Amino acid sequence: MEAYNDGLTALTAQSLINDVLDVSKIAAGSMTIREERVDLRELFRLVSQSVCPTLRHRNIELRVNIHNDVPTYITGDKLRLQQILSNLATNAVKCVELLI
């Protein structure tokens, strides 16, 4: 349980720091959104890998199913998309923890 909480705390802390930095950039008018080719499957893999160690401690399995109609590549800001998906995954872990 201790390792699980440490993992979740680290994910939450990283997410919070990124959010605060982004709010500061937005307020200062210096937020830059990049347009780059993003591999969605790779992005989901990275995010799920960051959450899975935390879930293993609770015997929870994360499955990522991407429908065939979803394009492999999109144009967007990879860092921002990863941040959004990480926030969603972290919040999902918290919700699952509350249900267990």
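**Figure 1. The second largest pocket of the predicted model**. The volume of this second largest pocket is about 220 Å³. Two elements, helix 2 and helix 3 (78-99), each give two or more residues to its lining. Helix 3 gives the most, with six residues.

**Figure 2. Residues that line the second largest pocket**. In total, 15 residues form the lining. Those that lie nearest the centre of the pocket are Val51, Leu62, Leu88, Ala89 and Ala92. Sorted by class, the lining has 13 nonpolar residues, one polar residue and one charged residue.

**Figure 3. Ser48 in helix 2**. Helix 2 covers residues 40-56, and Ser48 has its place there. Ser48 counts as buried because its relative accessibility is 14%, and the cut-off for buried is under 20%. The side chain of Ser48 reaches the backbone oxygen of Arg45, at 3.0 Å. Leaving out residues up to four places away in sequence, Ser48 touches Leu62 and Val64. Leu62 is also one of the residues nearest the centre of the second largest pocket.

**Figure 4. The chain around these close-ups.** The chain has three helices and two strands, which follow the order α-β-α-β-α from the N terminus on. Of its 100 residues, 23% are buried. Among contacts with a separation of 6 or more, 90% are between residues 24 or more positions apart. The accessible surface of the chain is about 7000 Å², and carbon and sulfur atoms hold 57% of that surface.

Notes
Residues numbered from 1 in each chain as written. Predicted model: local features only at pLDDT ≥ 70, side-chain atom pairs only at ≥ 80, totals over all residues. Heavy atoms only, no water. Helix = DSSP H or I, 4+ residues; strand = E, 2+ residues; numbered from the N terminus. Buried < 20%, exposed > 50% of the residue type's maximum accessible area, 1.4 Å probe, protein only. Polar contact = N/O pair within 3.5 Å; in protein donor to acceptor, adjacent residues only side chain to side chain. Contact = heavy atoms within 4.5 Å. 1 Å grid on protein atoms, 1.4 Å probe; cavity = no way out; pocket = protein on both sides within 12 Å on 5 of 7 lines; lining within 4 Å. Points joined across faces, edges and corners; volume = space filled by probe spheres on them. Nonpolar A, V, L, I, M, F, W, Y, C, P; charged D, E, K, R; others polar. Areas by Shrake-Rupley, 256 points an atom, 1.4 Å probe, with all protein chains shown as cover.
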